[in-house]
Amino acid sequence: MLPEAEIRLGRERPRPRRLLQRVNIGDTSFNALLWIFAGAVLLIAGVIVFSLWATARPAFKAVSIPSFIAGQNWDPVQESFGALPFIFGTLVTSGIALVVTVPVAVGLAIFLVEMAPSRLRPVVSFPLELLAAIPSVVYGLWGIFVLVPWLRDSTEPLLSVTLGFLPLFRGPPLGFGYLAGGLILSVMILPTIASVSIEVLKAAPESLREAALALGATRWEAVRVAVIPYSRAGIVGAILLGLGRALGETMAVTMVIGNSPEIHASLFAPGYSLPAVIANEFAEATSSMHTAALAALALILFGITLLLNSVARLLIRAVARGPARVAA
Amino acid sequence: MSSAPISKRYIARRAVNLTMTLLCGAAVLIALIPLISVFWLVLSNGIAGLSWSFFTALPTPVGEPGGGVGNGIVGTLYLVGLACLIGLPVGIGTGLFLAERGDGQIGNAVRFVAEVLSGVPSIVIGIVAYGLVVMPMHRFSALAGGVALSLLMIPTLARTTEEMVRLVPRALREAALALGVPQWKTSLRVVLRTALGGIVTAILLAISRAAGETAPLLFTSLNNQYWNLQPDQPTASLTVQIFNYAISPYEDWHRKAWSAALVLLLFVMLTNLVSRFLARNRLQRAR
């Protein structure tokens, strides 16, 4: 195949002037158009940051940033704004989601790529795509009427009987609370972590597996000593990507977390998360300061997810070239 | 037969192997439980409420029988349509840029920004649209909702379009250039046209995702009890209606939430399946 550069070179041989001009006008304007589109994406990124900052600025003028982040009291009527209960709820629910999902998602990916016959892969990746396509408000509906009653009536009483010596599993089984929020998140981030992990594992060179197997390793040992070390950074990237999703997920969490701006040690207790408080209060914000404070919460959320996503993308990019970047 | 200690060790290793295989296989089954549960419950709880009037009628107040989510369905389609007006040209154009000119430093930067933007929480995008459209206009509007959805659409659409355009064989492009077709005509008439099937797939996926969004609409397009097709007025959407019905204390509204969720799920699944089918056809042809 001829490299494109040589073809372009070939066109620059002397030609009738008018033809050359016409060609150039078309190419130049097309080129310019493409660059405008590229600029548009960068512009959008800039606009997002600026618009958030402009909406949130009054809050940072009135309250210092440390006392905003560390404050525990959220009372819009008294104009007292402390974000800690929301940050706490977001971290706890996302933490639960990771603890539950990571073993399942990575196990699933290992099974599909390393253990199962390759015919099985599309059979499972199709449901995974469906799981990712379900709108979050539908998950929330399912959470309210299926997950929460199940937690309240069977799982939480069981947990408090068996593991009640831990402060995590004490208190009345309400259903609505951190545990429900975390579990629904774990379902929602499963497809992300699993599908990116599958791509990352697929990108590990076949020769690594073959070498391990040829030395007499069992399948699992080949995975453990040859594949996982190679794919580790990519899997961490997949997990961070899932974490980013979990931190920003709004509707499903809003519908099951209980919406109470307090901090509790018990996972059964109702809490609140950053996206949930924005979703519930923004449209009916009582004052311009209230609006600004909520936008400031969004700015915090934006900062965290931006950081996580950048790290995740760099890690995944380093391991898997190609489809893994699109898979999420 | 090998000596006893080695054989014991071997058995232990085989046992570990078997255990891990079973555990990983179990993970697949565990992952399928929520999927089956969600689909089955939405279907079984929602199907009873479906009727012709559910699709065409306006919502009724609590306690009044009948009523539907007609304005929500129309509103969702309207909002997605607005989002497409803004999002499709920019998203596809950026994708084309990334595929055609995206190999340099700037291309990498744009690609990275698009990837990172696709992970920005949708509720944050809602606030951005609020600051951009709602605050200057001093009212909630369909336009604001459309802008929010388009901002969500663009990054993903750009990346998928890029991948689809990159699938076009180099030979096709070279053949056109060798015949003396200018670059811009090659890009538009040969490369883009060949990738059209793939781009339609990308568009359908973007539409299906946008239709399922709730969070960015809560304080942009808000909600509306009536029909609305004016861009500067609040507009109902299926997802916000599901949310409001689900958190209400009324049995009747809960049933409506399930039925509306079924309608939404069917729409999202249908667009997904169609796009998947198109993508599969395309890949088979490319092979």
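1. Start at Phe243(B), which sits in helix 10 (residues 238–246) of chain B. Bear in mind throughout that this is a predicted model. Is Phe243(B) buried or exposed? Phe243(B) counts as buried because 26 C-beta neighbours lie inside 10 Å, and the cut-off for buried is 20 or more.

2. Next, the surroundings of Phe243(B). Setting aside neighbours within four places in sequence, Phe243(B) is in contact with Val137(A), Met251(A) and Thr214(B). So the list holds residues of chain A as well as a residue of chain B, given the C-beta cut-off of 7 Å. Ala215(B) is 28 residues away from Phe243(B) in sequence. In space, the C-alpha atoms of Phe243(B) and Ala215(B) are 9.8 Å apart.

3. Helix 10 of chain B as a whole is mostly covered. Of its 9 residues, 8 are buried. Phe243(B) is one of them, along with Leu238(B), Thr239(B), Val240(B), Gln241(B), Ile242(B), Tyr245(B) and Ala246(B).

4. Chain A has a mostly covered helix too: helix 11 (residues 274–281). Here 6 of 8 residues are buried. They are Leu274(A), Pro275(A), Ala276(A), Val277(A), Ile278(A) and Ala279(A).

5. What do the buried residues of helix 11 of chain A pack against? Within chain A, the partners are helix 4 (84–115), helix 9 (219–248), helix 10 (251–256) and helix 12 (288–319).

6. Now the interface between the chains. On the chain B side, 81 residues are in contact with 70 residues of chain A. Helix 1 (residues 4–46) of chain B gives the largest share of the chain B side, with 20 residues. By class, the side of chain B that touches chain A has 54 nonpolar residues, 17 polar and 10 charged.

7. Last, the domains of chain B. The assignment gives domain 1 (4–49) and domain 2 (70–286). Their C-alpha centres lie 35 Å apart. How many residues does each domain put into the contact? Domain 1 of chain B supplies 6 residues, and domain 2 of chain B supplies 7. On the domain 1 side, 3 are nonpolar and 3 are polar, with no charged residues.

Notes. Residues are numbered from 1 along each chain as its sequence is written. Chains are lettered from A and ligands numbered from 1 in the order in which they are written. This is a predicted model: local features need pLDDT of at least 70, side-chain atom pairs count only at pLDDT 80 or more; totals for chains, interfaces and linings use all residues. Two residues are in contact if their C-beta atoms, placed from the backbone, lie within 7 Å. Helices (H or I, at least four residues) and strands (E, at least two) are DSSP runs, numbered from the N terminus. Ala, Val, Leu, Ile, Met, Phe, Trp, Tyr, Cys and Pro count as nonpolar, Asp, Glu, Lys and Arg as charged, and the others, Gly among them, as polar. Domain bounds come from an automatic or database domain assignment. A residue is buried if 20 or more other C-beta atoms lie within 10 Å of its own, exposed if 12 or fewer, and partly exposed in between; C-beta atoms are placed from the backbone.
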